[in-house]
Amino acid sequence: MFQSLTAEERAFHEEMRGVVMSRVAPLATGWEIDHGFSRDTTAWFAEQGYLAGSLPKEAGGLGWDRVRYGLSCEALARVSVSFSGLFNVHTMVLQTLLKWGSAAQRQHILPILARGEKLGAIAFTEPEAGSDLSALTTTFVEDGDQLRITGVKKWVTCGAIADVVLVFGRLDEKPVAALVDTDTPGVRVIPETAMLGFRAAHVAAIHFDDCAIPRENLVGRVGSALMFLAPYALEYGRICVAWTAVGILRGCLEESCAHAEQREIRGDKLLNRGMIRTIVADMGVEHQAAWLLALHACRQRERGDMEASNAILAAKYAASRAAARQANFAVQVMGALGCDEHGPVARLFRDAKILEIIEGSNQVMQFLLAKSFAASACEDHSRFLADESNA
Amino acid sequence: MERDVIKQKTREFIGRFVKNREIGDDVGLFETRLVDSMFAMQLAMFVENDLGVELADDDLDLANFRSINAIADFVQRKGG
């Protein structure tokens, strides 16, 4: 697996694993019980620059390429998918501002977010709009040099601790996105504590009750939010989700195999049972496949390949689906231990399911991928027939 | 970059998404629903990477990307 990384990338991954094991692993279970990762740990990661790792150095980041960003998500998710959620949403806001923010936003707001002095979140989903963002109903109304926002956003990852939220909605029916400080009068944050997964990710509903923001908080041109900003942000989100799933798969494999290696049934290791070997073989192959798809997608995007968009969709789809399936088997291998809510695989099982839904449900991924796969395959088939007739 | 080259590159790019169909230079790419929700972002990346135009937030007007001719007009205005 790690042979597919350069020596520098392997060293980076080892570094991140070390950081995560020392700073996150001892706390992750407690965070799940308390329904929130700690601000102290967040502040430490911010001080090290990790929250803005993917930003260029000249923008206050660490200059990670997408491979390093993905490897950091993998290392975090192995221990706490909820904490990796912060990196996901904060990065989506950072990258959207870096690419499409105004000069003033890049000069004044981006550095504050990059330093982690303020935490960012991104608000797409509404009670009646999830996969179909064209159904957004959060409205922006012009009021002099201000915009007034009314609407409800649901299931905002890190919404309960975010200082700034990038909110998507409509202004005169045109899709827009704007930065909203969560201490703006009229903003109500309601933690969502009864989540299946991401229990420590400070997920919240955010209500906007006719709250006023400066017009210059709009990001990008009016009308561009759904065609340009959202897909751009979501691509970073999908990279993170794909690698988060890889981290879950590694966790499933490690925990299952460690258990099966030491557990005995009638004097024989559990791992020697054929049915368990079948599970472990599938788990190992799916982990490798997910890893390679995620890595390939990131490398393609770094090269600027046109196929990168589809590769990222495929990586998100395949890895999240594999993570959900194998987390189920990890619980099965570990038996009653796997059902311990405070144990490592139960958390992986719960969190894996969420990955099949966020950043575009896997049904949306299938819809988008099928079209491109079919188009390429039909072209290849025509070529096959032509070659056959010429043979 | 010469206008003909811009248009040919754009036609080739669009051809990766719209198969077995010739797209006229003034056909509205988004109005005809020939492309999906990912296309605009990929088109923006193409304009930047292949046509050499760095996009700013003000450039995100769909009218700039509406058709092959619109894209060529936009790229030439930006000096690409």
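The sulfur of Cys240(A) lies 3.1 Å from the closest cysteine sulfur, that of Cys73(A), which is too far for a bond. This is a predicted model, and over all its chains it holds 0 disulfides.

**Cysteines**

- A disulfide is a covalent bond between the sulfur atoms of two cysteines.
- Since a disulfide needs two cysteine sulfur atoms within 2.5 Å, the 3.1 Å between the sulfurs of Cys240(A) and Cys73(A) is too far for a bond.
- Cys240(A) counts as buried, with a relative accessibility of 2%.
- For Cys257(A), the closest cysteine sulfur belongs to Cys252(A), and at 10 Å that is also too far for a bond.
- Cys257(A) counts as partly exposed, with 24% relative accessibility.

**Chain A as a whole**

- Chain A contains 11 helices and 9 strands.
- Its radius of gyration is 22 Å, close to the 21 Å that the globule rule gives for 391 residues, so chain A is as compact as a globular protein of that length.
- Along the principal axes, the C-alpha atoms of chain A fill a box of roughly 75 × 65 × 40 Å.
- Of the 391 residues in chain A, 55% are buried.
- If you take the contacts in chain A with a separation of 6 or more, 74% of them come from residues 24 or more positions apart.
- Chain A has an accessible surface of about 16300 Å², and carbon and sulfur atoms account for 54% of that surface.

**Chain B as a whole**

- Chain B has 3 helices and 0 strands, and from the N terminus on its elements run α-α-α.
- A compact globule with 80 residues would have a radius of gyration near 12 Å, and the 11 Å of chain B agrees with that.
- The box filled by the C-alpha atoms of chain B is roughly 30 × 25 × 20 Å along the principal axes.
- Buried residues make up 50% of the 80 residues in chain B.
- For chain B, 60% of the contacts between residues at least 6 apart in sequence join residues at least 24 apart.
- The accessible surface of chain B is about 4000 Å², with 40% of it belonging to carbon and sulfur atoms.

**Nonpolar cores**

- In soluble globular proteins, nonpolar side chains tend to be buried together.
- Here the largest nonpolar core has 143 residues, and those with the most contacts inside it are Phe168(A), Trp243(A) and Val47(B).
- Helix α7 of chain A, residues 225–262, gives the most to this core, with 21 residues.
- Another core lies apart from it and has 19 residues, including Phe140(A), Leu147(A), Val156(A) and Ile213(A).

- Strand β1(A), residues 120–123, pairs with β4(A) in the parallel sense over 4 bridges, and Gly120(A) has Val164(A) as its bridge partner.
- Strand β2(A), residues 139–143, also pairs with β4(A) in the parallel sense, over 2 bridges, with Thr139(A) opposite Arg170(A).
- Strand β5(A), residues 174–181, runs antiparallel to β4(A) and is joined to it by 8 bridges.
- Within that antiparallel pairing, Phe168(A) stands opposite Ala177(A).
- The hairpin of β4(A) and β5(A) has 2 residues between the strands, and in it Asp172(A) takes a positive phi near 50 degrees.

**Gly60 of chain A**

- Where does Gly60(A) have its place? The residue is in the loop between α3 (39–47) and α4 (66–79) of chain A.
- At 46% relative accessibility, Gly60(A) counts as partly exposed.
- Leaving aside neighbours within four places in sequence, Gly60(A) is in contact with Ala52(A) and Ala114(A).
- Gly60(A) and Leu110(A) are 50 residues apart along the chain, and 8.4 Å separates their C-alpha atoms.

Notes. Residues numbered from 1 in each chain as written. Chains lettered and ligands numbered in written order. Predicted model: local features only at pLDDT ≥ 70, side-chain atom pairs only at ≥ 80, totals over all residues. Heavy atoms only, no water. Core = buried A, V, L, I, M, F, W, Y, C linked by side-chain atoms within 4.5 Å. Buried < 20%, exposed > 50% of the residue type's maximum accessible area, 1.4 Å probe, protein only. Rg over C-alpha atoms; globule rule 2.2 N^0.38 Å. Contact = heavy atoms within 4.5 Å. Areas by Shrake-Rupley, 256 points an atom, 1.4 Å probe, with all protein chains shown as cover. Pairing = 2+ DSSP bridges.
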